[in-house]
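Dear colleague,

I am handing over the structure below, and my notes on what was found in it follow directly after.

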Amino acid sequence: MRKLSIFYYVFFFRGNEREEKGKVMKEVKKKEKLETSIGDSRSALGALTVYLITGLFLVVGFWVVGNKYSVDLISDPSLTLRLLWSIEFPIVVIIYSLFRRNPEECSYFRAVGRSIIGLISGALINALGAVSLSAPIGMQSLPKTIHWSFLMSVFTFVPATAVFGASWTDWHRVFASLKPTGNIEYMIVIPAYGAIIGGWFGAWPMPLDWERPWQTMSDDVADGYWLTGSELGHSLT
Amino acid sequence: MTTAMTCTRLTLFTVAGIFIQIIGLSIFVFGFFPVKPTLSGVSGSESYRDPFCDPSSNLNESELHHPEKLRLLYQELSGISSKYDRLILMVIDGLPAEFVLGKDGQPPWKVWKESMPYTQSLLANGDAIGYHAKAAPPTVTMPRLKAMVSGAIGGFLDVAFNFNTQALLDDNLLGQFFRIGWKMVMLGDETWLKLFPGLFMRHDGVSSFFVKDTVQVDRNVSRHLPNELNSDDWNLLILHYLGLDHVGHTGGRNSPLMAGKLKEMDDIVRTMHLKAMMDRSHDQGQTLLIVVSDHGMTENGNHGGSSYEETDSLMLFIGLSSNISDYTAATNNVAFQVDLAPTLALLFGVPIPKNNVGVLVPGTLNSLRDYEQLRALELNSWQLLRLMQAQMPSSLFEGFSCNCFVDGTCEGLSLDISECSGDKEKQLICLFRNAAVLHGIWKSKKLTESSSAMEDFSRALNAYNTFLKTASEWLASKTTEKPVLLLGVGVSAMLLSCFVYVTLFLSLFKEFYHEPKDRVCNLSYRLKLEEVFIFALLLILVISMGSSSMVEEEHYIWHFMVSTLHLLLLFKTAKSFNFSKGMNYKIGSIFSLLICGRLLRGWHQGGVNWTYLPDISKWLEQAGSGYIKWIQLISNFLVIFLGLFPLFRTGSKKKSVRILAFGFSTCGFLVLLHAGIYQDDMFEVSNEYGATVTVKVIYLLLSTCAIGAAVVLPWFMLNKEKSFLAEAGDCLYLIGSEYILCWCLLQLLLQQPINSGAILLLLIQILAISCLSSNGLQVNEWVEIAALYYMGMTGHFALGNSNTLATIDVAGAFIGISSHSTILSGILMFMITYASPLLFLLCLVMYIGAKLRNHSHSTISTHRETSLGQILKLKLGFPCLVPLCINSILLTAYTVVLLLMRNHLFVWSVFSPKYLYVCATTLCTYIGVCIVAITVTYTFFVTTFLRSNRTTRHNIS
């Protein structure tokens with residue numbers, strides 16, 4: 001069963017990569033058209049750079065956690081998660097605020113401000129999703145769940161709020177109808193869905209090998225695995 | 001019309017599918033769970049004679065009803081002097097032999113050894129001899145007790161009836177002892193009392209219901225001990241201590257309580273050894289003390305399976321006066337648990353039970369004289385040979401005749417010793433012949449005082465032992481081997497029915513979603529996300545059944561998948577969300593689905609390995625019974641309110657509805673009354689007269705309301721303004737909601753008080769989903785029905801059920817039953833266990849009604865020209881087929897899994913109980929679908945009849 005879930009990981013992320021490549025190819029074809037229609041659109045190369053930077057900082061986050069604090073997801077999930085999201089969040093905000101809609105009406109700092117609101121509301125929604133998928137809500141595991149949802153929010157909601165603000169039509173078009181236009185919107189949607197689906201697979205109930213400490217079922221799987229999955233999801237997309 | 005399936009054909013195929021499945025399932029069950037071959041009757045004096053002699057020869061046993069005469073007769077016939085006249089059988093539930101005897105020649109761990117100083121000293125002095133007695137799986141108390149006293153290995157189905165212990169009717173030791181007039185006393189686990197009702201002169205049974213109690217169960221036994229040891233009126237004293245098993249269940253082998261418990265057991269052994277055995281003067285005869293355990297336990301204290309830790313049970317003889325001086329010789333012995341029966345029978349001079357497959361424990365006979373030892377072995381061999389005769393063709397026994405070995409007159413059999421080879425059955429007979437011949441030789445030589453007697457004796461002894469060992473193994477394997485043909489037929493029948501269902505479903509699916517028939521049915525139909533997910537869920541479930549821990553923790557996967565399904569629905573709704581009105585209902589309903597689902601998930605920490613984690617029910621129990629009372633009260637009121645709500649929402653101010661509502665309110669009040677007055681103790685169901693009468697009144701009222709309403713309502717729902725479908729829809733909606741309310745009230749009465757909150761949450765989920773579907777969820781009908789089925793299964797685990805038989809609520813099965821009735825309490829137990837799946841299946845009636853009403857509101861009477869059969873097919877096809885289809889796929893898949901896992905370590909403890917649950921789920925699906933189909937068909941027929949009546953009357957006037 002564990003092998004199976006690894007298989008899922010591989011399958012899913014391979015699929016996602018392929019999909020992304022396909023989209024990048026399409027985008028290259030559409031490039032000229034897009035650049036004329038949306039002024040601040042960036043090229044596919046730019047999108048890749050953004051991914052690389054965010055991915056790099058995720059790696060930096062893990063390095064900091066591992067070497068400076070010498071904890072990891074299994075020994076102290078809540079501290080690790082807190083460090084990770086607080087390192088990742090500024091980067092995501094700084095980068096994505098550059099791509100905000102209507103830059104002439106909305107200043108850079110306003111974009112930063114609204115992404116902070118987005119962080120909190122996104123964390124709330126992610127926490128609701130996690131809890132409904134049986135994340136523990138006892139007093140001991142509450143910090144873990146909270147920090148996990150902040151991290152997920154950084155991947156899913158923060159870029160979107162930085163770019164779109166509170167524009168319902170944009171949100172609806174991009175997230176619900178899955179009809180993103182332009183590279184920026186792809187840049188938002190793919191990691192967000194990658195994180196969500198990765199998280200979902202990570203939360204897969206795996207009541208196996210419970211003799212081993214790193215696999216204590218219902219407490220950490222809901223957090224630890226989920227998070228690993230979502231991060232893998234994110235970093236691979 | 002050739003491709004389209006008519007209603008009649010659909011019904012016929014479905015019913016045929018059900019029948020094929022039932023037949024296949026029963027064939028498989030009888031093939032897989034062996035029913036042991038048994039000889040009927042009880043061993044009597046004929047067991048002391050050669051099996052080839054005419055059984056109805058000389059003695060007339062009817063004269064020997066006097067116990068004392070019978071005892072003397074047995075003693076005379078057996079030719080073995082019995083020096084013991086009293087037996088103390090101390091059963092320590094769940095004690096692994098490793099704790100006392102160590103493992104692999106090593107002494108036990110220091111903690112264990114130091115906790116039992118007296119027993120260890122007995123072993124070291126040679127006063128005791130211990131055996132690792134291998135118990136046969138399933139290692140659960142009742143089958144093991146049966147094995148010990150009857151020597152027979154039972155089938156798995158014994159475990160299934162573990163919660164309903166019935167008197168042991170097969171030949172057994174206790175019955176034999178009773179027949180020769182022994183006085184017996186039993187203290188401890190009341191399983192003994194259920195197995196042997198009326199056999200004990202004095203008894204004090206304790207229930208093993210409270211697994212948390214590790215002190216009181218044992219104190220209850222020990223408090224009688226001083227009196228019993230002082231009194232001289234018993235021959236057999238049985239002590240069954242449950243505490244150690246309870247310690248194991250709560251804390252595992254290394255529980256901190258374990259050492260104290262072992263010390264307590266050791267003290268009891270010391271008391272008994274000093275008082276009962278040493279103090280008695282020699283002229284009174286001797287007492288034999290036997291300490292046995294029924295099974296062992298795993299590292300974390302569970303049992304039921306077939307691992308070494310679980311099957312390693314103890315058999316310790318104290319006071320055998322066999323000359324053993326060596327500690328290793330006293331501890332490093334191996335036997336089988338069933339060997340206890342023949343050993344005790346021969347030691348105490350009673351016939352060996354008829355179906356015994358055990359053999360004499362070697363080393364217990366050392367104190368006997370030579371001829372007695374051989375006689376004992378001969379008696380054991382004769383008994384096994386009788387059992388073999390029942391299972392072998394009689395042609396193999398040709399040439400044997402009465403006493404021919406003694407007289408040397410066996411026809412066609414040379415009296416030479418030969419090497420035994422060939423197939424197993426011939427080999428067995430050959431071994432027996434060798435032993436018998438050698439015994440004969442020894443006897444004849446003994447008369448002539450030959451010098452080589454000693455050598456002949458050991459040869460005969462070895463020959464007997466070889467025969468006994470081989471025969472015992474052969475007989476034991478006979479009870480567990482599986483007939484391949486039956487299994488094959490069963491599985492293929494199930495596959496066939498599964499295929500039938502899937503085909504039916506697909507053909508209906510094609511017809512339903514490709515309405516214009518001139519268009520060619522192609523497979524270009526694109527599955528939506530949630531439809532893919534329904535299939536994926538089925539696949540995931542099938543795959544996860546292959547892993548034992550996934551089976552144990554099945555509730556996780558159900559909850560995870562159903563929550564994901566809800567989230568997908570939320571996503572779908574959000575997709576079409578715009579800030580107009582009416583949508584808020586949908587979002588709200590989905591959120592209430594999610595919240596209720598999460599609460600239900602936390603209600604019971606189900607499964608097997610994580611039950612100690614906190615959950616809502618534990619939390620409430622710790623908070624005090626006052627809170628539970630409040631929850632019970634609130635959920636009772638809310639259930640009545642929510643259940644009556646759809647009744648009044650249909651807007652009909654008819655008298656019949658009001659009468660119904662009144663009936664239900666009365667029921668609800670009575671249920672509340674019962675909960676308030678009689679259910680004071682959490683677990684104890686009071687047996688007062690008043691409570692029973694109240695419950696019976698509730699049963700009567702509820703069944704009258706449910707059946708009466710379903711029968712009467714269609715006749716009174718006439719409404720001239722509405723179309724045919726709307727009318728039938730109204731009626732079905734009412735009947736459905738009334739079914740649900742009825743079922744919920746029944747469950748509030750039957751379930752443990754803590755579960756009343758869960759029942760309320762399930763009801764809210766049902767109402768939420770019916771609200772969703774009537775507001776247009778844009779999800780196909782079959783997806784909704786499949787979702788309902790899945791939610792029912794999730795609720796099943798939320799009510800505290802799991803895939804072990806231990807979680808079945810036995811206490812609730814006796815509510816309102818004044819006399820013991822297996823069938824009635826079985827039905828109640830089924831109702832309690834399958835509360836949630838049946839609730840969701842019953843809700844299909846309401847669902848169909850709501851659909852019909854909705855449908856007829858939007859498009860008024862489009863189906864006017866279609867026949868009744870067509871309507872029935874369209875409306876009833878999916879609600880019946882989808883649950884049947886899902887269930888048959890799961891059943892067939894699990895059957896295959898069980899076949900593949902037949903040699904798995906956990907086949908008895910995990911896979912087989914799960915299979916019983918799967919079978920019961922199948923039954924539950926049949927019942928639910930039947931009720932739905934009958935109700936809907938009946939309503940449609942009545943409505944059509946009334947309509948046609950009205951039109952004819954209209955035409956005439």
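Chain A exposes about 11400 Å², of which carbon and sulfur atoms supply 67%; please bear in mind that this is a predicted model. Of the 237 residues in chain A, 53% are buried, and among its contacts between residues at least 6 apart in sequence, 71% join residues at least 24 apart. Chain A has eight helices and zero strands.

Chain B, with 957 residues, has 58% that count as buried, and it exposes about 39500 Å², with 62% supplied by carbon and sulfur atoms. There are 36 helices and eight strands in chain B, and where contacts in chain B between residues at least 6 apart in sequence are considered, 79% join residues at least 24 apart.

One helix pair in chain A may be of interest to you. Helix α3 (residues 77–98) of chain A and helix α4 (residues 108–132) of chain A have axes that come within 9 Å and cross at roughly 140°. Because angles over 145 degrees would count as roughly antiparallel and those from 65 to 115 as roughly perpendicular, α3(A) and α4(A) are oblique to each other, and the crossing in which α3(A) passes α4(A) is right-handed.

In this contact, A:Trp85, A:Phe89, A:Val93, A:Ile94, A:Ser97 and A:Leu98 of α3(A) meet A:Tyr108, A:Ala111, A:Val112, A:Ser115, A:Ile116 and A:Leu119 of α4(A). The residues of the contact of α3(A) with α4(A) comprise ten nonpolar, two polar and no charged.

Best regards

Conventions. Residues numbered from 1 in each chain as written. Chains lettered and ligands numbered in written order. Predicted model: local features only at pLDDT ≥ 70, side-chain atom pairs only at ≥ 80, totals over all residues. Heavy atoms only, no water. Axes fitted to C-alpha atoms, helices over the stretch in contact; angles between N-to-C directions. Helix = DSSP H or I, 4+ residues; strand = E, 2+ residues; numbered from the N terminus. Parallel < 35°, antiparallel > 145°, perpendicular 65-115°, else oblique. Left-handed = near helix turned anticlockwise from the far one by under 90°. Contact = heavy atoms within 4.5 Å. Nonpolar A, V, L, I, M, F, W, Y, C, P; charged D, E, K, R; others polar. Buried < 20%, exposed > 50% of the residue type's maximum accessible area, 1.4 Å probe, protein only. Areas by Shrake-Rupley, 256 points an atom, 1.4 Å probe, with all protein chains shown as cover.
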